[in-house]
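This report examines one protein structure, shown below. Please keep the sequence and the model in view while reading.

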Amino acid sequence: MITRQRLAAGICALLATLTAGVAFPAGAVADETDSAASPKVELVLDVSGSMSAKDIDGGSRMAAAKQAFNEVLDATPEEVQLGIRTLGANYHGDDRKTGCKDTAQLYPVGTLDRTEAKTAVATLTPTGWTPIGPALLKAADDLDGGDGTRRIVLISDGEDTCQPLDPCEVAREIAAKGVGLTIDTLGLVPDAKTRDQLSCIADATGGTYTSVQHKEELSDRVGQLVDRAADPVATPVATEGASQCSSAPTLKSGLYTDREEFGKQRWYKVDVNPGQELRTSVSVGADREVNPDYGVLLRAVTVHGREIVRGEGTGNGRTDVVSTGLRYPKAESDDDNAPAETVCLQVTNSFSAASGVKTTPGLPLELTVDVVDAPSKASDVASFGLGRGWWLLGALVLTGFVAGLLWGWVSRWRVAVWRTN
């Protein structure tokens, strides 16, 4: 009996091992990140006159912001380089031209001295205008340089008062530079126009918008965004596709960002060796108002113009992003020195801008390229299309066979005992 129990246990262990092998195939590699690069965050605070309004838990908006900053500064991770920029904090007059230049760095981006930063925040008094656009441009310059995560957290209670420099257009221009900078926005007791503007700024860079009505909400949300900057992420690489394949950039496995004009196309190239498989996907986002019914087309084409495979995605206006993908396995070659095949990738979109909406810069595009070892077709056919799942099926059959034998033996033994008694 002990021998049979060990046999059953051994089979179960074999089954568990094979199952794990199928569930977690060898060769899977996570996205690599640059752990050495320090994340950078700049908090951009609106200190315009309206911040003196007392409508957040019985206190002023400015008081709520100061409390949030003090709590966030205490909890900022050591690896985060943090800075603070203000808008509307220094000019008291009525001259619009001067007021729209009123943005200053209160605390430089770098290693955080909590006492010094808190002291600087304590001196702030609601004063002037709301030059959000100019402040975002300066904040992007403050965070320039380095390969780590870069994030702007904008806290404001009103619309930009320095039009025609539209902060939404400013955010799109920042995103179009391909610097990997995200802008998150928080609206303090926002009205509809403020909410729309802050949402637009966040959407343009892939950030988030949050409406804030209470002090605790402000502290918690700003803290979450600062902590998020410290999380390791796969940083996309900015690239620039061409108008034709012959002049397109050659990409390796990775995550890439680009901009594509409305209704235009972008070309990229990827080298695929015999026995490898190209897996690629593309997402095009609508970071401004667009007409409904749109789509994106991704084609893999030879350098001579013959289509290999394509992927298509469509939208009807209910989503802000449309995506598609494709796979192309390159057959193995008997020649060990066979050259790689250059595959041209064409990305085309059918977005159209709504009336009065600017078409520049182009729409944000994200391209994922992965060149991996292709599965062996011969072994897959020999396994009736089951691949590595064949071994799991075999283990299940063997387990069932042995379990049946054991159950039959036990049943006959019990019957024999019953007849004897």
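## Leu43 and its surroundings

In this predicted model, Leu43 is in contact (heavy atoms within 4.5 Å) with Phe69, Leu82, Gly83, Ile84, Arg85, Val153, Val222 and Val226, leaving aside its neighbours within four places in sequence. Leu43 belongs to strand β1, which covers residues 40–46.

Is Leu43 buried or exposed? Its relative accessible area is 0%, so Leu43 is buried. The term buried means under 20% relative accessible area, exposed means over 50%, and partly exposed lies in between, with a 1.4 Å probe and protein chains only. The C-alpha atom of Leu43 is separated by 9.6 Å from that of Val109, which is 66 residues apart from Leu43 along the chain.

## Basis of the values

The model is predicted, and local features need pLDDT of at least 70, side-chain atom pairs count only at pLDDT 80 or more, and totals for chains, interfaces and linings use all residues. Residues are numbered from 1 along each chain as its sequence is written, and side-chain values use heavy atoms, with hydrogens and water left out.

## The chain as a whole

The protein chain contains ten helices and 16 strands. It has 421 residues, of which 42% count as buried. Among contacts with a separation of 6 or more, 76% come from residues 24 or more positions apart.

The chain exposes about 22200 Å², and carbon and sulfur atoms supply 52% of this area. Accessible areas come from the Shrake-Rupley method with a 1.4 Å probe; for residues, only the protein chains shown count as cover.

## Two packed helices

Two packed helices are described by the angle between their axes and the distance between the axes. Helix α2 (residues 61–75) packs against helix α8 (residues 215–230) at an angle of about 35 degrees, and the axes are 9 Å apart. Axes are lines fitted to C-alpha atoms, for helices over the stretch in contact, and angles run from 0 to 180 degrees between N-to-C directions.

Which residues of α2 and α8 meet? From α2 come Ala64, Ala65, Gln67, Ala68, Glu71, Val72 and Ala75, and from α8 come Lys215, Leu218, Ser219, Val222, Gly223, Val226 and Asp227. The residues of this contact comprise eight nonpolar, three polar and three charged. Ala, Val, Leu, Ile, Met, Phe, Trp, Tyr, Cys and Pro count as nonpolar, Asp, Glu, Lys and Arg as charged, and the others, Gly among them, as polar.

## An aromatic pair

A pair of aromatic rings is described by the distance of the centres and the angle of the planes. The structure holds one such pair. The rings of Tyr294 and Phe351 have centres 4.4 Å apart and planes at 20 degrees, and therefore the pair is stacked. Rings of Phe, Tyr and Trp (its six-membered ring) pair if their centres lie within 6.5 Å; planes under 30 degrees apart count as stacked, over 60 as edge-to-face and the rest as tilted.

The pair links distant parts of the chain, 57 residues apart: Tyr294 is in strand β12 (residues 294–301), and Phe351 is in the loop between β15 (341–349) and β16 (363–373). Tyr294 is buried because its relative accessible area is 3%, and Phe351 counts as buried at 3% as well.

## The loop between β15 and β16

Val357 also lies in the loop between β15 and β16. With a relative accessible area of 22%, Val357 is partly exposed. Not counting residues up to four places away in sequence, Val357 touches Arg288 and Glu289. Val357 and Glu289 are 68 residues apart in sequence, yet 6.9 Å apart in space, C-alpha to C-alpha.

Pro361 is placed in this loop too. A cis peptide bond, with omega of about -5 degrees, joins Thr360 and Pro361.

## Positive phi values

Most residues other than glycine have a negative phi, and most peptide bonds are trans. Asp57 is not a glycine, but has a positive phi of about 55 degrees. Asp57 is in the loop between β1 and α2 and counts as partly exposed at 40% relative accessibility.

Val189 has a positive phi as well, near 45 degrees. Val189 lies in the loop between β5 (181–188) and α7, and is partly exposed, with a relative accessible area of 24%.

How values were computed: Helix = DSSP H or I, 4+ residues; strand = E, 2+ residues; numbered from the N terminus.
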